[in-house]
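Please open the model in your viewer and keep the selection tool at hand. The tour moves from one selection to the next.

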Amino acid sequence: MQDNYYDRNKADAFETLFGSTDIGRNPTPNRNRHVVLRFNFSAFNNTLETLEERFERYCHIQLSGTLKCNPDMFPDDKKQQILDQPALSDKLNELFLHVS
């Protein structure tokens with residue numbers, strides 16, 4: 001639900017999803033204003049030996065998708081600079097520095 005409320009790419013669906021609710025009638029200034037990274041950690045039912053590798057791969061896919069969905073905020077050169085970082089934590093740090 002928070003994903004739909006805060007994600008800037010879901011503004012067109014706001015009335016459909018929230019129009020008849022209290023938050024729909026009285027939205028906050030943060031409504032559909034943010035880049036949202038969505039992670040579903042319930043997808044990891046792997047062994048301990050494969051968990052780190054699959055977690056890194058999953059997070060990279062989610063991050064790449066978020067960057068592609070927000071091209072006005074992440075031009076190709078910045079997107080590549082973020083994705084070229086060696087570790088997931090470095091990628092996220094680079095992303096946070098850019099959006100701050």
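Select Asn-93. This residue is partly exposed, with a relative accessible area of 45%. Asn-93 sits in helix 6. Keep in mind that you are looking at a predicted model.

**The nonpolar core**

Ile-82 belongs to the largest nonpolar core, which has 11 residues in all. Colour by helix. Helix 4, helix 5 (76-83) and helix 6 (88-99) each supply at least two residues of this core. Which helix gives the most? Helix 4 does, with 4 residues.

Centre on Leu-95. Set aside the neighbours within four places in sequence, and Leu-95 is in contact with Leu-37, Leu-63, Leu-67, Phe-74 and Ile-82.

**The cysteines**

How many disulfides does the structure hold? The count is 0. Cys-59 is in no disulfide, and the nearest cysteine sulfur, that of Cys-69, is 16 Å away. Cys-59 is buried, at a relative accessible area of 2%. Jump to Cys-69. This cysteine is in no disulfide either, and the nearest cysteine sulfur is that of Cys-59. Cys-69 is partly exposed, with a relative accessible area of 48%.

**Aromatic rings**

Show the rings next. A search of the whole structure finds 5 aromatic pairs. Start with Tyr-5 and Tyr-6. Their pair is edge-to-face, with 5.0 Å centre to centre and 80° between the planes. Tyr-5 counts as buried, at 6% relative accessibility. Tyr-6 is partly exposed, with a relative accessible area of 31%.

Move to Phe-14 and Phe-18. These rings make a tilted pair, 5.2 Å centre to centre, with 35° between the planes. Both phenylalanines, Phe-14 and Phe-18, are buried. They are separated by about one helical turn, because they are 4 residues apart in helix 2. Ring pairs link Tyr-5, Tyr-6, Phe-14 and Phe-18 into a cluster.

**Salt bridges**

Turn to the charged side chains. The structure holds 6 salt bridges. Select Lys-10 and Asp-3. They form a salt bridge, with the closest N and O atoms 2.7 Å apart. Lys-10 counts as partly exposed, at 26% relative accessibility. Asp-3 is buried, with a relative accessible area of 12%.

Arg-38 is exposed, with a relative accessible area of 54%.

For another salt bridge, select Lys-79 and Asp-76. The N to O distance is 3.4 Å. Both residues lie in helix 5, 3 residues apart, about one turn of the helix. Lys-79 is buried, with a relative accessible area of 18%. Asp-76 is exposed, with a relative accessible area of 60%. Return to the earlier trio. Salt bridges that share partners join Asp-3, Lys-10 and Arg-38 into one network.

**Two loop residues**

Select Asp-7, in the loop between helix 1 (2-6) and helix 2 (14-18). Is Asp-7 buried or exposed? Asp-7 is buried, yet has no salt bridge. The nearest side chain of opposite charge is Lys-10, 4.6 Å away. Neighbours within four places in sequence aside, Asp-7 is in contact with Gln-2, Asn-32, His-34 and Val-36.

Follow that list to Asn-32. This residue is in the loop between helix 3 (22-25) and helix 4 (48-69). Asn-32 counts as buried, at 10% relative accessibility. Check its backbone: phi is near 50°, a positive value in a residue other than glycine. Most residues other than glycine have a negative phi.

Key: Residues are numbered from 1 along each chain as its sequence is written. This is a predicted model: local features need pLDDT of at least 70, side-chain atom pairs count only at pLDDT 80 or more; totals for chains, interfaces and linings use all residues. Side-chain values use heavy atoms; hydrogens and water are left out. Buried means under 20% relative accessible area, exposed over 50%, partly exposed in between (1.4 Å probe, protein chains only). Lys and Arg count as positive and Asp and Glu as negative; His and the chain ends are not counted. A salt bridge is a side-chain nitrogen of Lys or Arg within 4 Å of a carboxyl oxygen of Asp or Glu. Contact means heavy atoms within 4.5 Å. A nonpolar core is a set of buried Ala, Val, Leu, Ile, Met, Phe, Trp, Tyr and Cys residues joined through side-chain atoms within 4.5 Å. A disulfide is a pair of cysteine sulfur atoms within 2.5 Å. Rings of Phe, Tyr and Trp (its six-membered ring) pair if their centres lie within 6.5 Å; planes under 30 degrees apart count as stacked, over 60 as edge-to-face and the rest as tilted.
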